[in-house]
Amino acid sequence: MSDEALPDFTSATYKDAYSRINAIVIEGEQEAHDNYISLGTLIPDQADELARLARMELKHMKGFTACAANLGVDADMPFAREFFTPLRDNFQSALGEGKVVTCLLIQSLLIEAFAIAAYHIYIPVADPFARRITEAVVKDEYTHLNYGQEWLKANFDASRAELEQANRDNLPHVRRMLEGVAADAAVLQMEKEDLIEDFLIAYQEALTEIGFSTREIARMAAAALVG
Ligand code: PL3
Ligand code: FE2
Ligand code: FE2
């Protein structure tokens, strides 16, 4: 991949695809910020740490906003807002019910694993300006995934059933999101199969650390096929 030609970052086709992909990333970072602030209301003794994670998300958002400006692209924010609707709605209803486990699964496991996969696959095909920014961001996203992972690991017995249900309710949305972004991602020379593979590695590693068995994880991953 690395010895292939990079995309033409100035072409109309590239900029058109970038206006949606970049907007998804900006919206995702903004919502991640809001979600960590909200999580601080559910876990008050962690509010300071969660506010620190939230601040990192705003920094990411600014970085990706600069990437669009650098390419002369106008991010399609209404498209991106729509893109996140299912996960945003599910996070908001879990928040309303005080379901911290579901909120952590949606934000720290699913959304962060999705971001990690997307950024990994993007880095080798990004323009040099965006590459530097994305490399710094992806390190932070591991910190965020790890935050949720460690909390859920420490509370595994009490969280297990809710995690399985939240996975069933939300993993199918992640699959649809991957499918929804695939055509634009391909214009950026990011392959759908690579995105799915990287996502599953990050997500399954987290579930393993939290305490699920291989068989349980296989059953959870199957929810994306039937959902
Ligand atoms: C949480 O910290 C961030 C959530 C962001 C979700 C990102 C989804 C990415 C979709 C495909 C993007 C490829 C990367 C392009 C960068 C401009
Ligand atoms: Fe982020
Ligand atoms: Fe994050």
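**Exercise 1.** Find out how far a polar side-chain atom of Glu29 lies from an oxygen atom of ligand 1.

*Solution.* Start at Glu29: one of its polar side-chain atoms is 3.1 Å from a ligand 1 oxygen. Next, look at Glu57, where a side-chain N or O atom comes to 2.9 Å from an oxygen of ligand 1. Then try Glu141, with 2.8 Å between a polar side-chain atom and a ligand oxygen. Now the cover: ligand 1 alone exposes 530 Å², and the protein buries 100% of that (Shrake-Rupley method, 1.4 Å probe).

A quick word on the ground rules: this is a predicted model, where local features need pLDDT of at least 70, side-chain atom pairs count only at pLDDT 80 or more, and totals for chains, interfaces and linings use all residues. Residues are numbered from 1 along each chain as its sequence is written, chains are lettered from A and ligands numbered from 1 in the order written, and side-chain values use heavy atoms, without hydrogens and water.

**Exercise 2.** Work out which residues coordinate the iron ion (ligand 2).

*Solution.* First, list the donors (N, O and S atoms within 2.8 Å of the metal; 3.2 Å for Na, K and Ca): Glu29 (OE), Glu57 (OE), His60 (ND1) and Glu141 (OE), at 2.0 to 2.2 Å. Second, read their spacing along the chain: E-x27-E-x2-H-x80-E. Finally, check the iron ion (ligand 3): Glu57 coordinates both ions, which are 3.2 Å apart.

Methods
Polar contact = N/O pair within 3.5 Å; in protein donor to acceptor, adjacent residues only side chain to side chain.
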